[in-house]
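This briefing goes through one protein chain, topic by topic. Please look at the sequence and the structure before reading the points below.

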Amino acid sequence: MKRVSVRFKMLSLIALVSVVFLVLLLVYAPSQTHVLARNLLERDASFISNLLSGNLAVGIQTMFFDNGKALNESLAILESQDTDGATIKRVRVFDTQMEYLAGLNADASAAAPAQTSEIELSHSDEELITSLPIKKSSGETVGYLEVVYSKDYMLNQIGSNRRNSFLITLLVIAVVAVVALMYLNRMISHLVALRNNARSIAKG
């Protein structure tokens, strides 16, 4: 009876630890992973948007001479680039009066974003939107830029990491349970042997 009781207590302890790990995995870990992925996406999007803004500034300044050729070429390059983690869906370029100049996969008739003096980020369930001024090297604003990034890559990575973490946790729990049971059975066998020896000695 005691042997069964000790085994039951050990199994209960293993089950309790497993439940705690699973709760942390299913509740806390996904939340932290989402925050980390969101921060990384914002960092990458900000870097790409600022870099694109600098390239487009030259194109806007030369529009009078090349009829927007340099501007459109800068946007066309984006179609052939694969930017994992910050995939560009749409781009819209405006002049200082918020008149549409050019874009990539964009609706020219859609409402223009608000003018801003620095980069601003906003989120929807599936997109990250950055809005920022386009400035010359002297700091003068020559236009405005709106870049929309897809969250598909981020969401897919979160789902993949969650599945992998879940499987790894189950594997670790299974290994710990097997090792604990093996150790428990061995310990109980020694205790039973000691008890039997003690009884034999007591009986003479």
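F94 is buried, because its relative accessible area is 2% and buried means under 20%, exposed over 50% and partly exposed in between (1.4 Å probe, protein chains only). The model is a predicted one, in which local features need pLDDT of at least 70 and side-chain atom pairs count only at pLDDT 80 or more, while totals for chains, interfaces and linings use all residues. Residues are numbered from 1 along each chain as its sequence is written, and side-chain values use heavy atoms, with hydrogens and water left out.

**Aromatic pair**
- The count of aromatic pairs is one; rings of Phe, Tyr and Trp (its six-membered ring) pair if their centres lie within 6.5 Å, and planes under 30 degrees apart are stacked, over 60 edge-to-face and the rest tilted.
- F94 and Y100 make up this pair, edge-to-face, with 6.1 Å from centre to centre and 80° between the planes.
- Y100 is partly exposed, at 28% relative accessible area.

**Overall layout**
- The protein chain has four helices and five strands, where helices (H or I, at least four residues) and strands (E, at least two) are DSSP runs numbered from the N terminus.
- From the N terminus on, the order of elements is α-α-α-β-β-β-β-β-α.
- Of the 204 residues in the protein chain, 29% are buried.

**Nonpolar core**
- The largest nonpolar core holds 25 residues, and L56, V91, V93, I134 and L145 have the most contacts inside it; such a core is a set of buried Ala, Val, Leu, Ile, Met, Phe, Trp, Tyr and Cys residues joined through side-chain atoms within 4.5 Å.
- Elements that give two or more residues to this core include α1, α3, β1 (87–94) and α4 (152–203).
- Helix α1 gives the largest share of this core, eight residues.
- Leaving out residues up to four places away in sequence, V93 touches, among others, L56, Y100, I134 and L145; contact means heavy atoms within 4.5 Å.

**Residue S74**
- S74 sits in helix α3 (residues 69–79).
- With a relative accessible area of 17%, S74 is buried.
- Apart from neighbours within four places in sequence, S74 is in contact with N55 and L56.

**Helix α1 and L13**
- L13 belongs to helix α1 (residues 2–61).
- L13 counts as partly exposed, at 48% relative accessibility.
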